[in-house]
Amino acid sequence: MRKQLARLVTFLAALVLLIVAAGMSASPAQAAEEWNPPANLVQPLGEVWNHVESTYSDLYGFRNYGWDQVMANKGSINYCVRWESDAPVSAALRDRVHTALKKQFGTWMSAMVENGTGHNAWPYTTVPVNIVGWAVKDRSTLQWTDDSVDIYAGNLDAGGAPQCAPDCGRFFHQDNDYARCPGGAARHYDQSLWLTKGFQGGAGGDWGQRVGQEYFTGALDQENIHIYQHEVGHTFGLDDFYDWTPTGQCCFLMKAGAATQVTEFDKWMLRDFWRHLKSRYGH
């Protein structure tokens, strides 16, 4: 009996060693698979990240990237539309703006999905966009009476532009405390789509994106509203490329004017940003 027990103990010990060894050998392979950009993009991606690390003043300390917002909401984003224009908005136009906004934001989020799963531990295959409010100077500009979104009329920022209630804005409450928001946390907004009459070009950051009102509404049926898409790239931390170009890359969305849609290089820059930040979320 003792010999049989000894043999059993020896067999179990050997089995444990085999399992441990297998796990040790599998881990490096698995880790390698998590970051596998095309070979021709490895060098330029490295150049981009080196540039980001050397030029961003608080790269790892900043806590309001688009990544932070999605993760705080457990996989969604809330928007406010700032309509800085006197052009009337029908219910039909409102709904078209909502549809386009959701689709265009989704072009970036789809870049984080590979074969139906999140790339490199990204936990979401879709990121729903909820439009919770519209801000205008004059309520009569909005030609609908339903209560599908909150309406903020006459609530102006320091520059005189309409804004949704600061008490509901993540930019103002990065601690996620929306106790003073009339609709509570469910009606807070993470970003603003700021549509300004006569505005040329675009601007973007953790607060949202700003483009021309005429430009955005005139592009509602386009496959890619590329100025808006470029600005969303900034919301997720991606840089501009005004004074340099990564090796071998001529034409990509984050190089303003060089492309009209999210390219393969843009996609991998986005994934690289996530790769360097994901540990803050336990991934």
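Which helix and which strand each supply at least two residues of the lining of the largest pocket?

1. In this predicted model, the elements in question are strand 9 (202-205) and helix 6 (226-235), each of which gives at least two residues to the lining of the largest pocket. The volume of that pocket is about 220 Å³.

2. The lining of the largest pocket comprises 13 residues. Those nearest the pocket centre are Tyr56, Phe62, Tyr65, His234 and Gly237. By class, the lining holds five nonpolar, five polar and three charged residues.

3. The second largest pocket has a volume of about 180 Å³. Its lining consists of Arg82, Gln163, Gly169, Phe171, Phe172, Tyr189, Ser192, Trp194 and Trp207. Five of these residues are nonpolar, three are polar and one is charged.

4. Turning to helix packing, helix 2 (residues 39-55) and helix 7 (residues 264-277) have axes that come within 10 Å and cross at roughly 55°. An angle under 35 degrees would count as roughly parallel, and one from 65 to 115 as roughly perpendicular; the two helices are therefore oblique to each other. Their crossing is right-handed.

5. On the helix 2 side, the contact is made by Leu41, Pro44, Leu45, Val48, Trp49 and Val52. Helix 7 contributes Glu264, Phe265, Trp268, Met269, Asp272, Phe273 and His276. Taken together, the residues of this contact divide into 10 nonpolar, one polar and two charged.

Methods. Residues numbered from 1 in each chain as written. Predicted model: local features only at pLDDT ≥ 70, side-chain atom pairs only at ≥ 80, totals over all residues. Heavy atoms only, no water. 1 Å grid on protein atoms, 1.4 Å probe; cavity = no way out; pocket = protein on both sides within 12 Å on 5 of 7 lines; lining within 4 Å. Points joined across faces, edges and corners; volume = space filled by probe spheres on them. Helix = DSSP H or I, 4+ residues; strand = E, 2+ residues; numbered from the N terminus. Nonpolar A, V, L, I, M, F, W, Y, C, P; charged D, E, K, R; others polar. Axes fitted to C-alpha atoms, helices over the stretch in contact; angles between N-to-C directions. Parallel < 35°, antiparallel > 145°, perpendicular 65-115°, else oblique. Left-handed = near helix turned anticlockwise from the far one by under 90°. Contact = heavy atoms within 4.5 Å.
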